[in-house]
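Let's take a look at this one together. Have the sequence and the fold open as you read.

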Amino acid sequence: MSDPNIISPASTDARQGDVVTNSKDKGWFYTDAVKEHFFHPKNFMDNEAEYADAAMGMVGSPACGDAMKIWIKVSPETHRITDLKWKTFGCGSAIASTSMMSVMATENGGKTLEEARKLRPQDIMERLGGLPARKVHCSVLGDKALRAAINDWYRRNNQLDHIEIETGRIIDKVLKITDHDIEEAVLDGALTLDKVQAKTKVGTGDPSCIPEVENLIRFYKEKYFGAE
Amino acid sequence: MNEPKPIYLDHAATTYVDERVLNIMLPYFSEVFANPSSFHTPGLRAKEVVTEARSTIAKLFNSRDEEVIFTSGGTESDNLALFGIIRAHAAKGKHVITSAIEHHAILEPLLHLKKKGEIELTILPVNREGLVSVQDFEQALRPDTILVSIMMANNEIGTIEPIADIGRAILVWRKEKATPYPYFHTDACQAAGTLDLDVEKLHVDLMTVNASKAYGPKGIGILYVRRGLKLEPLVIGGGQERNIRSGTENVPGIIGIAAALKFAQDEKEIENARLTKLRDRLIEGLLTIPKTILNGSQIQRLPNNVNISFLDIEGEAAVLYLDAEGIAISTGSACASLSLDPSHVILATGLSYEAAHGSLRFSLGKRTTAEDIEHVIKVMPDIVAKLRHMSPVNLDMKYFA
């Protein structure tokens, strides 16, 4: 029997790009695609001086265990990403995800900025042949850093109307907690109201939002970890 | 490509079974296999060997035979000590003292009991070296303190706690207050192979030991329980182990843990000296890499433990690169654990999250050679350099402050 936490690239689950189980007590090892990108990272930043003028985006912090920085060069005519370089502080999964994202953003002549914005963590995971469930949260920073770099490119090129600030819908009006915050908490492994509250304090200021929070937890849980 | 020679430096996670121990155990799977509770000759034979093994262990502990209770391992022994004492003595007090760097097998049950309202819990801090202060401990004692549980040596950073000093402080307290409380438990799993387990010198009332970190089999543990101490059992059934722990005895396991502890205790002086030399060489070699710091104590340290934080890299990535070189180690990084937080032990010593994510544990063992250590010292700088090169983070040394 193969480990149910690891999905092979050929399986249906892998094509959906999601992880097949939210069980946290097993499933540890990486697919060959992950290992390849981890041990032989593609497009990683070797010479920052050359990219001093490139658009740049950064997310995360070393305190939380993951930090990523992304530089992009974009054709002003086609708005396609011609070059993407990155640096990542993080585990094997974080490094492999950023590396795979750099390939996906630049292959076949490069994605347009609008296409690149739509790149989802699930797409990256799918190309990697899946990640162990407990590693999913490590792969969600790369696309965010990319979107931050895209905004930076528009800013540098005075196309301010194209900048998309990522704001969520406010759920807890007192504490100003957004659906996005809850999504993050679920990705971080908080799959119950108690655990999401431990991370976000949601509902402690505005208890009337709790039923909606529970719905969102269920929604994001199924989105990222599959239905039970 | 040549497969690199495997170098196993994760003995604190678990050890292999010593071949001598294995050979001693083998007849007890299919030759002497009867149930020690059975009334026939084969059963009596099994009972005899269990008695012998218990006696061997009691001598190592400087205890009486009947004070040695066999369990399924370290976690069960810890749970039995905590639930057993807390529930049997609930009427006498609800206060329990422990330390911030205990194993999860201690902290999680205690947090559970606290959440259920069964206890009030004081978690003692540790200093930068991971040491509990006896003074802090004395100040935490209360008239309703019924149990104290402090580990003998830490599994992550190898710090050896002042168990005998804490034990003495408890004896003084009991005498002054004319009370039998608190009882004193220590988790000695990491210490079983290297430190003295004499319960009279340690002044402990309960002590957890297992075999799987001392070159014995997995699935067998001991709880030393001082005579006369009342414990509520966790596993109830046929009344084995003086009614404290029911279940048919794991005879090969019992034979195995007795043999493993006997060998380890008999040989520890020579082996500790050998390991200490290798340990200090590894520490010295790894600390030549820039932006590194030793976690734990330089002096009060297990002879086989090296734990170092490497700034600007994440531990799991380093573990994977080392694994590709055939070197097996552990990390305190969040990414390598079930939780999202890095090691509670490293954080308790006052190190930043940043430094905790980059902590690596190398734990040496009987098969570790000087060549192995030199090989690790040789490959480590390139791995650290490669990961740092890939990292956008360039932290100040102040993160070690």
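How far apart do the C-alpha centres of domain 1 of chain B and domain 2 of chain B lie? They sit 28 Å apart.

## Ground rules

This is a predicted model, so to speak: local features need pLDDT of at least 70, side-chain atom pairs count only at pLDDT 80 or more, and totals for chains, interfaces and linings use all residues. Residues are numbered from 1 along each chain as its sequence is written, while chains are lettered from A and ligands numbered from 1 in the order in which they are written.

## Two domains in chain B

Domain 1 covers 7–15 + 268–394 and domain 2 covers 19–264, with bounds from an automatic or database domain assignment. Where they touch, domain 1 of chain B puts in 24 residues and domain 2 of chain B 25 (contact: C-beta atoms, placed from the backbone, within 7 Å). On the domain 1 side, α11(B) gives the most, with three residues. Helices here are DSSP runs (H or I, at least four residues), strands likewise (E, at least two), numbered from the N terminus.

## A covered strand

Strand β8 (residues 221–225) of chain B is largely enclosed by the rest of the structure, because five of its five residues are buried (20 or more other C-beta atoms within 10 Å of the residue's own, all placed from the backbone). B:Gly221, B:Leu223 and B:Val225 cover one side, B:Ile222 and B:Tyr224 the other.

B:Val68 stands opposite B:Tyr224, and B:Thr208 has B:Leu223 as its bridge partner.

Methods: Buried ≥ 20, exposed ≤ 12 C-beta atoms within 10 Å, placed from the backbone. Pairing = 2+ DSSP bridges. Contact = placed C-beta atoms within 7 Å.
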